[in-house]
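Biologist: I'm new to this one. Can you put it on screen and walk me through it?

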Amino acid sequence: MNPRPHTPLLDKVRIPADLRRLPESDLPQLAAELRAEMIDAVSQTGGHLGAGLGVVELTVALHYVFDTPSDRVIWDVGHQAYPHKILTGRRDRIRTLRQEGGLSGFTRRAESEYDPFGAAHSSTSISAGLGMAVARDLKGGANNVIAVIGDGAMSAGMAYEALNNAGALDARLVVILNDNDMSIAPPTGAMSHYLARLGTGRAYHGIRDLGKKLTSRLGKRVDRAVTRAVEHARGYVTGGTLFEELGFFHIGPIDGHNLEHLVPVLRNVRDNGNGPVLIHVVTQKGKGYAPAEAAADKYHGVNRFDVVSGAQAKAPANAPSYTKVFAQSLIAEAKEDERIVAVTAAMPSGTGLDLFGEAFPKRTFDVGIAEQHAVTFAAGLATEGLKPFAAIYSTFLQRAYDQVVHDVAIQKLPVRFPIDRAGYVGADGATHCGAFDIAYLASLPDFVVMAAADEAELRHMVRTAADYDEGPIAFRYPRGNGVGVEMPERGSPLEIGRGRIVKEGAKVALLSLGTRLADCLAAAEELDAAGLSTTVADARFAKPLDADLVRRLARGHEVLVTVEEGSIGGFASHVLHFLAHEGLLENGLKVRPLVLPDEFTDHGKQEKMYAAAGLDAAGIVRTVFSALGRSVAVASA
């Protein structure tokens with residue numbers, strides 16, 4: 001007689017309440033099934049794989065021990081949140097990750113009550129968790145707040161600001177340091193586990209409290225000295241660190257893949273904690289999937305892949321990526337000028353500076369997830385005559401805006417800002433969309449802001465930035481591949497503040513900033529065929545504005561359409577400001593600015609997103625006909 005088919009444990013767990021009904025002995029099997037489910041899902045969608053694989057057991061343990069969603073679990077960054085999503089009522093949609101209309105690749109408050117805080121930029125979890133803990137206490141609540149933060153995210157100053165504040169407030173907050181790379185202090189097996197459990201139990205708390213009671217009559221100075229002596233004695237044995245000095249009760253390191261270690265420690269913290277606690281958990285990024293474990297980046301971000309071999313699907317590469325063109329162009333300039341140095345904030349491969357680092361290791365600086373420091377560090381380099389290129393994604397540069405203004409712009413220091421991921425980024429969604437850099441940089445006095453129309457223009461802009469020493473200069477370019485234009489061996493310096501006419505016409509003018517130029521040229525062909533002679537111009541510079549070019553387009557055409565991959569308040573605002581002061585809006589000129597929608601746009605395919613925003617060729621054509629009071633359908637007929 002055949003045995004009855006085994007029902008996977010994961011099929012019995014729709015939400016964490018279901019998980020908490022399982023016997024503790026079932027948790028390793030559930031973790032194995034959860035890991036397999038995640039691998040299969042991400043193989044179909046692509047996404048962030050390695051980080052999630054590393055926290056499968058930790059995710060199971062947290063939801064098993066704590067009463068989520070009443071207890072708040074905050075995942076820093078959100079790259080590691082896929083197992084969390086599977087266990088919190090979203091398994092049936094997990095294969096829609098990062099797809100149009102599907103689940104976000106990060107935690108998102110609007111998506112689930114189990115996501116108490118939206119996270120996509122790193123190092124925010126402790127600050128948010130502290131706010132929740134303080135709010136709980138003010139309201140008289142009793143729930144737990146747990147912030148899970150990776151060791152890489154601990155390189156950001158914001159994390160230490162939050163730790164310092166939490167320690168000073170003596171807040172009841174649990175911080176889990178997920179150490180998956182640096183192995184700050186590796187666990188030492190059973191003894192480490194025993195000491196960690198001992199430290200979380202009532203015995204140690206009792207000794208510490210007894211010491212405080214015995215010395216309370218002798219004054220705060222003696223009390224503090226004795227208490228600190230107890231803490232240091234414990235630290236000598238168990239590895240107490242800077243976190244103790246910040247006011248945290250430090251536990252660990254413990255094995256983050258051993259549920260027999262994790263569950264009792266978390267349970268003790270839940271039942272006995274009354275102040276800020278930091279649990280140091282050591283995990284392995286990519287755990288349990290051999291191709292991820294073997295990869296240099298542990299499969300941090302992947303395309304769709306074959307589960308058996310681990311081979312990732314590759315998009316057709318008819319043209320080089322903008323990121324690679326930037327890197328190669330900067331290497332070419334650095335060969336000619338030894339003053340050129342490069343700075344990245346923990347994104348060497350994402351920005352292409354890994355290639356620069358291979359060529360010039362002593363001139364490449366990865367400062368960690370610390371964009372504020374990166375910008376001011378670059379400013380310091382500039383004061384001494386070096387030529388720093390601070391390569392930071394558009395959305396990440398927002399984190400350092402104060403430093404851009406005060407430390408760079410006001411001092412007019414020649415820091416170069418290559419801005420990758422400008423415009424829509426596709427699957428990473430609103431938190432990574434490069435919508436605002438034109439507006440927030442072009443508003444600053446004496447700041448030069450460029451946008452590359454194609455990969456050849458990007459090469460010219462790298463050369464232009466390398467040669468420019470008068471003040472700060474930025475150039476933006478999108479995620480993805482170029483358009484396949486012929487590439488110069490080395491860029492030529494552009495005249496600052498000068499655009500170019502790409503195609504001459506007489507009735508309609510399309511003024512493009514950035515890579516929508518190809519769509520403007522396609523739109524011009526359709527407009528010409530409809531009897532609307534069209535000029536196409538590449539502005540190149542959002543600031544300083546090419547006044548002669550704008551004046552010429554305004555005076556010689558009935559319709560002027562500006563096109564940019566940025567928000568309201570960007571390039572078009574500068575053009576309209578100029579036209580108004582020149583009196584060029586008073587003679588019947590029809591001006592239509594095309595920008596990204598005034599919204600935070602969810603994830604999807606880049607070209608579909610641009611089409612929905614009206615920034616593709618068809619959208620540009622519709623805008624022209626609308627300005628003229630005509631419909632595209634009638635014109636086509």
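**A first look**

Modeller: The protein chain has 27 helices and 17 strands. Helices (H or I, at least four residues) and strands (E, at least two) are DSSP runs, numbered from the N terminus. This is a predicted model: local features need pLDDT of at least 70, side-chain atom pairs count only at pLDDT 80 or more, and totals for chains, interfaces and linings use all residues. Residues are numbered from 1 along each chain as its sequence is written, and side-chain values use heavy atoms, with hydrogens and water left out.

Biologist: How much of the protein chain is buried?

Modeller: Buried residues are 56% of the 637 in the protein chain. Buried means under 20% relative accessible area, exposed over 50%, and partly exposed in between (1.4 Å probe, protein chains only).

Biologist: And what does the accessible surface come to?

Modeller: About 26600 Å², with 52% of that belonging to carbon and sulfur atoms. Areas come from the Shrake-Rupley method with a 1.4 Å probe; for residues, only the protein chains shown count as cover.

Biologist: What share of contacts join residues at least 24 apart?

Modeller: 76%, among contacts between residues at least 6 apart in sequence. Contact means heavy atoms within 4.5 Å.

Biologist: New topic. How many disulfides are there?

Modeller: The count is zero. The rule asks for a pair of cysteine sulfur atoms within 2.5 Å.

Biologist: Is C433 buried or exposed?

Modeller: C433 is buried, at 10% relative accessible area. C520 is buried too, at 0%.

Biologist: What about H432? Where is it?

Modeller: H432 sits in the loop between β9 (416–419) and α20 (437–442). Its relative accessible area is 8%, so H432 counts as buried.

Biologist: Which residues is H432 in contact with?

Modeller: Skip the neighbours within four places in sequence, and H432 is in contact with F106, A120, H121, T395, F396, R421 and V425.

Biologist: How far is G471 from D446 in space?

Modeller: 6.9 Å, C-alpha to C-alpha, though G471 and D446 are 25 residues apart in sequence.

Biologist: Which ones in α26 are buried?

Modeller: A617, G619, I620, V621, T623, V624, F625 and A627. After α26 comes G629, with a positive phi near 75 degrees.

Biologist: And E244, where is that?

Modeller: E244 is in helix α11 (residues 242–245). It is buried, at 13% relative accessible area. A polar atom of the E244 side chain lies 3.1 Å from the backbone nitrogen of H250.

Biologist: Last one. Which residues make the nonpolar surface patch of about 300 Å²?

Modeller: V134, L138 and L169 make that patch. Patch residues have over 30% relative accessible area and no salt bridge; like charges are joined within 9 Å, nonpolar side chains (Val, Leu, Ile, Met, Phe, Trp, Tyr) within 5 Å. A salt bridge is a side-chain nitrogen of Lys or Arg within 4 Å of a carboxyl oxygen of Asp or Glu.

Biologist: Where is L169?

Modeller: L169 belongs to helix α7 (residues 157–169). At 47% relative accessibility, L169 is partly exposed.

Notes:
Polar contact = N/O pair within 3.5 Å; in protein donor to acceptor, adjacent residues only side chain to side chain.
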